[in-house]
Amino acid sequence: MRIATDIGGTFTDLVYVDENGKVGVAKSHTTPPNFEQGIIDVIEKSGIDQQEIETFIHGTTVIINALTERKGVKTGLITTKGFRDVLEIARGNRSDLFNVRYEKPVPFVERYLRQEVEERLNQKGEVVIPLNIGKIKELIAYFKREQVEALAVSYLHSYKNPEHEELTVELIRELWPEVAVTASHEVTKEWREYERTNTAVLNSYVKPIASKYINKLNSKLVENDADSFNYIMQSNGGTTTFEQAKKTPINMVESGPVAGIYGAAYLGEIIGEKNVIAFDIGGTTAKCSLISNGEVKVSTDYYIEKDDLRAGYPIKSPVVDIVEIGNGGGSIAWIDEGGSLKVGPQSAGAVPGPVAYGQGGTEPTTTDANLLTGRLSPENFDYTVDMKLVKKAIHDKVAKVYGMTEEEGALGIIRIANANMLNALKLISVRKGYDPRDFTLVAFGGGGSMHAPALARELGVKKVVVPVASSVFSAWGMLMTDLRHDYIQTYINRFEDLDLAELNNEWDKLETQAKQQYAEENIKEEEVIFNRFVDMRYSGQEHTVKVPLVNGEIKAQTVQEVIRLFHEMHEQNFTFKLEEAQTEIVNLHLTAFGTVQKPKLQKLETGSKDAETALKETRPVLYEGEGWNDTKVYHRTLLAPGMKIQGPAIVEEPTATTVFYSGQILSVDAYGNLLIEMGAK
């Protein structure tokens, strides 16, 4: 049996598939700060025998939470003499030149804990100044006195030659084995001193947190007699072993959300939709990503805490290109100083949760608004819902301020939340040169199907798909992913000056490294699949475009094809191309997949095509622009392939609700997915 678990801000999800292909799901409340207990709770709730678990896959928000909440450990930095302040200097460029409130990021390591050592490599990786071993010993003693718990080592040009970093780490582990240590070349071999140094620092900052969490989770599994192969979801959309995750926890910064993106790509392939926008609404956040022609975009230009006021912190780690905003079911509605209604990013989370939970929450949330407008039913909550409390919260905090009814206030909350989500969807589609009309929106998470049909009308997508087990779809996506490692090496060369023999040798080195790592993880060589990419740009340009490259020996005709493809992709990304300009490689990017057997989707038995057999009730629902409308509500579990329902209507299941509108038509496909056509506009 294979199971996957995903920890969210409000709920912990589980999906399992047995040897017969049967799929089961479960959902329970997240248990901060002891998140591993929530995993055990949801396993027990699912009713599966833990001794039958062969493969366990896990997605977690522990790393991103530790970073954003500043709950990592006291960390020190050892760097090249003269580069102590690289974290302070950061980048001089500003995304908004006229923003007088712009704030530079405060380094995770204070200046007195950033120490220098004499050593120097040139840009070719040649030693200019040898490493001062004596200074390293002094710094170890210094950091011990300062009670540092983790160290990062980042030297100039070590992406080209890690010799000095390796010597430093070897000495640290010999003299101070208790401290967590990260060398920058262990997490990234890309250039950019600031970004590489910051990535090494953040990896060390969360390393003890990750080790403690993974060890506790593993112990819980062992206590419950689970004898399984254990894997953790990475930000690049692949999985890795528990042991590797403890070494480079920064690769888990977007561990949970990306699984749903790959699940959407896999589902799109099955149903014949290769252009997909994956849209995930949970209790705390909404996430979206664009999949073009079946390809999930992965980038190392990733930042945390980046917004209009802050430059954020760069992480040079492969991360699925995803836009995430603080809008989910638990997002709190509030009034700003100017009297405008806002929704999020503050969230009621799992504790105390929305007012509807009755667990002490007093601030109105998106969930409360959906409940008051009739979109959600009180009987689908785990708690007894006091509608008077819900009404009072929305009246006191929103409606009273604007002199409107509680229902109008609730609809206002939904509209603001939808506007925030629509902006996120535009960021990954329209603003990147893609026409939403060419895409299908795959909606999942607890709130995805609630909001997606309304957003689809505004965005102009052709269809909405609500998958089976949509509320736990990210966990389902984990079952559809392979093991994955990314190997990125900076290799700056103009195409006109390329030495093809040298280039082929560089690819061979990366592939050999991948094979060795997978051998250590008990993956056979024939089960490893390689995908190659090159990060390219016009000479003198700053930004790059990731261009796919064929496997095997690179020849002259291959180079010409890559250049041609680069011009096309550059035009799509930046609206222009310079076919006469010189082009160059910046990075080589090898993606190595360790393939695993995936469960096959089972088609449902066809039954009655009369949707009225699945009718649950008719209740009044408040719609934007339409007012209250007596709306039919259907049981999703009773819907069969071939059934069609005219909107407006609602489809309910235990952990999710699909709300669709007049003019929209819902049908059920052979697998049980809900397909919502937009109809005439």
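Student: Why is Y538 called buried?

Tutor: Good place to start, and keep in mind that this is a predicted model. Y538 has a relative accessible area of 3%. Buried means under 20%, so Y538 counts as buried.

Student: Why is N504 counted as buried?

Tutor: Its relative accessibility is 14%. That value is set against the limit of under 20%, so N504 counts as buried. You can find N504 in helix α15, residues 500-520.

Student: Which residues does N504 touch, not counting residues up to four places away in sequence?

Tutor: N504 touches G552, E553 and I554. A contact here means heavy atoms within 4.5 Å.

Student: Let's turn to rings. How many aromatic pairs does the structure hold?

Tutor: The structure holds 11 aromatic pairs. One of them joins Y142 and F143, with 5.5 Å centre to centre and 65 degrees between the planes. Both Y142 and F143 are buried.

Student: Why is the pair of Y538 and F566 called edge-to-face?

Tutor: Take it in two steps. Rings pair if their centres lie within 6.5 Å, and the centres of Y538 and F566 are 4.9 Å apart. Planes over 60 degrees apart count as edge-to-face; the planes of Y538 and F566 are at 65 degrees, so the pair is edge-to-face.

Student: What parts does the pair of Y538 and F566 tie together?

Tutor: Y538 lies in strand β26 (residues 528-538) and F566 in helix α16 (residues 556-574), so the pair ties together parts that are 28 residues apart in sequence.

Student: Which residues do ring pairs link into a cluster?

Tutor: Y266, F444, F473 and W476 are linked that way. F444 belongs to strand β23, where T440, V442 and F444 point one way and L441 and A443 the other way.

Student: What makes β23 mostly covered?

Tutor: Count the buried residues: in β23, residues 440-444, five of its five residues are buried.

Student: Which strands pair with β23, and in what sense?

Tutor: Strand β13 (residues 276-281) runs parallel to β23, joined by five bridges. Strand β24 (residues 463-466) also pairs with β23 in the parallel sense, over three bridges. Two strands pair if there are at least two bridges between them. To find these places in the model, look for D280 opposite F444 in β23, and for T440 opposite K463 in β24.

Student: What makes helix α9 mostly covered?

Tutor: Of the 14 residues in α9, 11 are buried, including P257, V258 and Y262. Helix α9 covers residues 257-270 and reaches 21 Å from its first C-alpha to its last, close to the 20 Å expected. Just after α9, G272 takes a positive phi of about 80 degrees.

Terms used:
Residues are numbered from 1 along each chain as its sequence is written. This is a predicted model: local features need pLDDT of at least 70, side-chain atom pairs count only at pLDDT 80 or more; totals for chains, interfaces and linings use all residues. Side-chain values use heavy atoms; hydrogens and water are left out. Helices (H or I, at least four residues) and strands (E, at least two) are DSSP runs, numbered from the N terminus. The expected span of a helix is 1.5 Å times one less than its number of residues. Buried means under 20% relative accessible area, exposed over 50%, partly exposed in between (1.4 Å probe, protein chains only). Rings of Phe, Tyr and Trp (its six-membered ring) pair if their centres lie within 6.5 Å; planes under 30 degrees apart count as stacked, over 60 as edge-to-face and the rest as tilted.
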